[in-house]
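Okay, thanks for coming, everyone. Let me put the model up on the screen and then talk you through a few parts of it.

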Amino acid sequence: MSHLTVPKTFKLYIGGKFPRSESGRVYEVVTAKGDFLANAAKASRKDARDAVVAARSAVPGWSSATGYNRGQVLYRIAELLEGRRAQFVDEIRRSEGVSESAASAQVDAAIDVWVWYAGWADKYVQVAGNGNPVSGPYFNVSTPEPTGVVAVIAPQESSLLGLVSVVAPALVSGNTVVVIASEAAPLSAISLGEVLATSDVPGGVVNILTGSAAEIGPWLASHADVNAFDLAGAGDLDWVDLQIAAAETLKRVLPPEAGIPAPSVERVTFFTETKTVWHTKGLI
């Protein structure tokens with residue numbers, strides 16, 4: 001008996017759900033040789049706004065979780081990604097036109113990134129915080145706190161590893177994320193959304209948009225409810241204008257960089273704000 005093929009529908013990932021673009025727009029995703037792969041949702045300004053609303057609503061719950069619990073959640077993502085390894089290898093191989101070994105290496109590296117950042121979730125505060133020397137009978141302690149909603153333009157040349165390398169560090173400290181995936185190779189990004197939806201990541205903590213970064217980026221840069229902007233994958237865009245737009249609402253902006261960002265504690269602490277608390281020693 002013949003089997004009916006059921007093509008996969010690639011949608012957005014917003015608030016823990018998989019909506020189509022409110023505009024109804026899609027665009028063709030093709031292989032490196034130009035062969036058709038799938039239709040992906042082309043996110044609009046309204047989709048970006050919906051993603052920011054979802055991210056903002058998720059901030060209190062995610063930021064109030066302990067670092068240990070956030071680390072467990074990030075490690076769970078790595079576990080599920082490992083379990084669906086074959087699917088991601090196939091998607092990367094077809095969409096990026098690379099060999100199976102190269103696709104396997106990218107998936108392995110993405111899993112390692114999740115594990116690396118999971119390990120820092122309950123440790124980065126000791127590195128970024130400090131007990132400050134002051135004159136008088138006081139304790140003076142500085143500690144990092146999440147900045148809030150972080151918008152991200154993922155590296156465009158990598159469908160999975162680039163995305164993971166910029167999303168994971170923002171999550172470590174308790175931020176929530178709205179990320180624009182690789183426009184040319186978005187399939188693994190939405191499949192990652194399926195991993196997130198079936199893990200312990202609360203809805204709204206990560207929101208994934210597919211489509212044109214040049215179109216969506218300016219709306220996120222100027223959105224007053226976005227607290228920071230990572231321009232990692234904006235090197236081919238007019239990113240200076242994005243930086244200017246972000247500055248008008250006092251966003252913290254991380255400029256573009258060549259290639260895929262390597263794991264670093266600095267990417268975690270960049271999206272934090274330092275709170276300093278004074279406390280008396282004994283009775284005065």
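So, Arg252 is partly exposed, at a relative accessible area of 29%; here buried means under 20%, exposed over 50%, and partly exposed in between, with a 1.4 Å probe and protein chains only. Before I go on: this is a predicted model, where local features need pLDDT of at least 70 and side-chain atom pairs count only at pLDDT 80 or more, while totals for chains, interfaces and linings use all residues. Residues are numbered from 1 along each chain as its sequence is written, and side-chain values use heavy atoms, with hydrogens and water left out.

Back to Arg252: its salt-bridge partner is Glu273, with the closest N and O atoms 3.3 Å apart. By salt bridge I mean a side-chain nitrogen of Lys or Arg within 4 Å of a carboxyl oxygen of Asp or Glu. This pair links distant parts of the chain, since Arg252 sits in strand E9 (residues 252-254) and Glu273 in strand E10 (residues 272-280), 21 residues apart. Helices here are DSSP runs of H or I with at least four residues, strands are runs of E with at least two, and both are numbered from the N terminus. Glu273 is partly exposed too, at 35%.

How many salt bridges does the rule give? The count comes to 14. One I like is Glu91 with Lys8, closest N and O atoms 3.8 Å apart. Those two are 83 residues apart, with Glu91 in helix H3 (residues 85-96) and Lys8 in the segment before strand E1 (26-30). Glu91 is buried, at 5% relative accessible area, whereas Lys8 counts as partly exposed at 33%. Both belong to a salt-bridge network that links Lys8, Arg84, Glu91 and Glu194.

Now the sheet. E9 is part of an open sheet of five strands, ordered E7-E6-E5-E8-E9, with parallel pairing; two strands pair if DSSP finds at least two bridges between them. Strand E7 (206-209) and E9 are at the edges with a single partner strand each, so one side of each has no neighbour in the sheet. From one strand to the next, the twist averages 15°. E9 is joined to strand E8 (residues 228-230) by three bridges, and Asp230 has Leu254 as its bridge partner in E9.

What lies across this sheet? Helix H6 does, over strand E5 (149-153), strand E6 (176-180), E7 and E8, running at about 165° to E6. For those angles, axes are lines fitted to C-alpha atoms, for helices over the stretch in contact, and angles run from 0 to 180 degrees between N-to-C directions.

On to the packing. The largest nonpolar core has 59 residues, and those with the most contacts inside it are Trp114, Leu171, Leu192 and Ile208. H6 (residues 161-172) gives the largest share, nine residues. A core is a set of buried Ala, Val, Leu, Ile, Met, Phe, Trp, Tyr and Cys residues joined through side-chain atoms within 4.5 Å. A second, separate core has 28 residues, including Val52, Val59, Leu231 and Leu242.

Last stop: Leu242, which is one of the buried residues of helix H9 (residues 239-247), along with Ala245 and Ala246. They line one face of H9, because seen down its axis they fall within an arc of 100°, taken from the directions from the helix axis to the C-beta atoms. Among what covers them are E5, helix H8 (213-222) and E9, contact being heavy atoms within 4.5 Å.
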